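Student: I have not looked at this protein before, and I would like to go through it with you step by step. Could we begin with the whole chain and then turn to some of its parts?

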Amino acid sequence: MPSEYEQFTLNIKNLTGIDLALYKESQMKRRLTSLYEKKGYSSFTEYYKNIKMEPAILNEFLDRMTINVSEFYRNYKRWEIFENKILPRMLKSSPSLKIWSAACSTGEEPYTIAMILSKYLPLSNLSIYATDIDENVLVKAKRGIYPERSLNEVPIDIKNKFFIQEDGFYRVTDDIKRTVTFKKHNLLAEKFQTHYDLIVCRNVLIYFTEEAKSHLYQKFSAALKSDGVFFVGSTEQIFNPAQFNLTTEDTFFYKKI
């Protein structure tokens with residue numbers, strides 16, 4: 001007999017296609033227990049019954065499951081390395097880049113990529129694909145309106161050029177918004193497109209089991225073209241990149257061999 005939590009994960013997989021068994025169990029269980037207790041439920045069984053009946057509760061569950069913490073130019077020094085070291089090499093071999101921001105959350109990351117690239121390419125030449133499993137965050141990403149704290153690391157010239165202040169919030173300009181196409185996508189369950197010059201997937205893989213992580217590294221590597229770059233978060237160093245046909249180009253940047 002499966003435990004109550006195991007039954008919950010099976011039910012969620014049948015309902016949404018999301019396999020919670022691929023996430024670190026102790027972290028996910030703790031997060032979801034805290035959520036259902038706040039809602040006044042006493043068990044995973046009761047929680048699932050309500051998820052199934054109420055779309056708002058399902059959406060809240062998806063939000064909590066996918067940890068949507070993001071900001072523009074997050075870990076600014078990494079973006080400097082991208083702009084000054086990685087990007088020049090990429091542009092030398094290909095003037096038009098195929099780019100994917102995977103698990104993009106509320107859109108700060110793909111918009112950051114567009115803002116950096118705008119210094120080197122016309123915005124009309126830019127096309128960035130951005131995906132997330134959570135439809136709620138994609139709605140916010142498409143809207144492109146952010147609180148001031150999301151802009152803490154944005155250089156002042158970029159802030160002045162690509163943001164419009166409105167009612168205490170900042171709206172990304174339409175020319176930047178047009179460079180990004182947002183789409184719902186399940187990294188663990190769905191196929192990846194291929195021949196990417198750059199894939200950025202940061203601060204997401206830490207929530208997965210080692211087995212799921214390894215599976216994703218294989219998929220990301222296969223999605224890159226030769227010499228393409230995989231950019232990960234600051235807690236996600238790949239210690240055996242050669243196993244995935246990758247080599248370290250700089251800390252947290254891996255090049256397809």
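This is a predicted model: local features need pLDDT of at least 70, side-chain atom pairs count only at pLDDT 80 or more; totals for chains, interfaces and linings use all residues.

Student: What radius of gyration does the protein have, and what would a compact globule have?

Tutor: For a chain of 257 residues, a compact globule would have a radius near 18 Å, and the value for the protein agrees with that. Along the principal axes, the C-alpha trace spans about 60 × 50 × 25 Å.

Student: How many helices and strands does the protein have, and what percentage of the contacts between residues at least 6 apart in sequence join residues at least 24 apart?

Tutor: The protein has 10 helices and 10 strands. Among contacts between residues at least 6 apart in sequence, the share that joins residues at least 24 apart is 73%.

Student: Are helix α1 and helix α3 roughly parallel or roughly antiparallel?

Tutor: Helix α1, residues 4–16, packs with helix α3, residues 44–53, at an angle of about 15°, and their axes are 9 Å apart. Angles under 35 degrees count as roughly parallel. The angle therefore makes the arrangement of α1 and α3 roughly parallel.

Student: Which residues of α1 make the contact with α3?

Tutor: On the side of α3, the contact is made by Phe 44, Thr 45, Tyr 47, Tyr 48, Ile 51 and Lys 52. The residues of this contact divide into eight nonpolar, two polar and two charged. On the side of α1, they are Glu 4, Tyr 5, Phe 8, Asn 11, Ile 12 and Leu 15.

Student: Is Gly 17 buried or partly exposed?

Tutor: Gly 17 lies in the loop between α1 and α2, and leaving aside neighbours within four places in sequence, Gly 17 is in contact with Ile 12, Asn 186 and Ala 189. Because the relative accessibility of Gly 17 is 33%, this residue counts as partly exposed.

Student: Is Arg 78 buried or exposed?

Tutor: Arg 78 lies in helix α5, residues 76–93. Leaving aside neighbours within four places in sequence, Arg 78 is in contact with Arg 202, Phe 231, Asp 250, Thr 251, Phe 252 and Phe 253. With a relative accessible area of 16%, Arg 78 is buried.

Note on methods. Residues are numbered from 1 along each chain as its sequence is written. Side-chain values use heavy atoms; hydrogens and water are left out. Axes are lines fitted to C-alpha atoms, for helices over the stretch in contact, and angles run from 0 to 180 degrees between N-to-C directions. Helices (H or I, at least four residues) and strands (E, at least two) are DSSP runs, numbered from the N terminus. Angles under 35 degrees count as roughly parallel, over 145 as roughly antiparallel, 65 to 115 as roughly perpendicular and the rest as oblique. Contact means heavy atoms within 4.5 Å. Ala, Val, Leu, Ile, Met, Phe, Trp, Tyr, Cys and Pro count as nonpolar, Asp, Glu, Lys and Arg as charged, and the others, Gly among them, as polar. The radius of gyration is taken over C-alpha atoms; the globule rule is 2.2 Å times the number of residues to the power 0.38. Buried means under 20% relative accessible area, exposed over 50%, partly exposed in between (1.4 Å probe, protein chains only).
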